[in-house]
Amino acid sequence: MIAVEIENIKRFMAGFLAGDLFDDFLMNEGKLSMDIAYEFNGKVLKEFYDTEEWEEYGIYPYIPWEREKARMFGLIKGKKTPLSFQFVMMLKPEKVEKFLEKYNLAAGQDEIAGLFINLLYDRKSLKCTSGVSRRSFTMDRGVEEYWDVEVKERLKEFM
């Protein structure tokens with residue numbers, strides 16, 4: 001796990017909320033504190049959708065960020081910055097497989113519960129931490145090490 005301090009917060013937020021910086025992620029959960037506090041569970045609720053919509057949108061257990069970011073942008077935009085926010089972003093499952101192949105890692109996709117980036121803003125700073133959730137314990141830390149490399153690479157222009 002690494003922690004990355006984002007130096008150019010404004011540019012990062014433009015990529016996060018209006019660009020495609022995290023379009024290959026799902027929103028696992030989020031918290032946003034402004035004049036009131038919001039808490040988001042990113043789990044998709046099947047009951048909300050009719051059958052056709054579910055077939056189109058229901059491929060992930062959590063909401064894809066590209067579908068949710070406009071709503072978050074609508075909440076955040078304005079003259080005042082939020083007091084704080086925290087978003088837990090999870091790499092889409094098909095991207096996990098590509099990540100494992102890219103670094104020729106022995107771990108199978110079924111062993112990885114999720115590859116995460118946690119965003120934490122507190123009006124003074126924006127920090128991003130990496131995280132890996134595994135389905136079982138292993139001494140091999142290759143996935144964690146290469147996920148840290150991948151996160152640093154993704155965020156290098158904002159550091």
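Trainee: Which residues of helix H1 are buried?
Mentor: In H1, residues 9-18, they are Phe12, Met13, Gly15, Phe16 and Leu17. Buried means under 20% relative accessible area, with a 1.4 Å probe and protein chains only. Helices are DSSP runs of H or I, at least four residues, and strands are E runs of at least two, numbered from the N terminus.
Trainee: What kind of model is this?
Mentor: A predicted one: local features need pLDDT of at least 70, side-chain atom pairs count only at pLDDT 80 or more, and totals for chains, interfaces and linings use all residues. Residues are numbered from 1 along each chain as its sequence is written, and side-chain values use heavy atoms, without hydrogens and water.
Trainee: What do the buried residues of H1 pack against?
Mentor: Strands S1 (3-6), S5 (84-91), S6 (112-121) and S7 (126-134), plus helices H3 (65-76) and H5 (142-155).
Trainee: Which residues touch the most other members of the largest nonpolar core?
Mentor: Phe12, Phe16, Phe22, Trp65, Phe87, Met89 and Leu119, out of 41 residues. A nonpolar core is a set of buried Ala, Val, Leu, Ile, Met, Phe, Trp, Tyr and Cys residues joined through side-chain atoms within 4.5 Å. S6 gives the largest share of this core, 5 residues.
Trainee: Switching to lysine 69: buried or exposed?
Mentor: Buried, at 12% relative accessible area. Lysine 69 sits in helix H3. A polar atom of its side chain lies 2.4 Å from the backbone oxygen of glycine 19.
Trainee: And where is glutamate 68?
Mentor: Also in helix H3. Glutamate 68 is buried, with a relative accessible area of 7%.

How values were computed
Buried < 20%, exposed > 50% of the residue type's maximum accessible area, 1.4 Å probe, protein only. Contact = heavy atoms within 4.5 Å. Polar contact = N/O pair within 3.5 Å; in protein donor to acceptor, adjacent residues only side chain to side chain.
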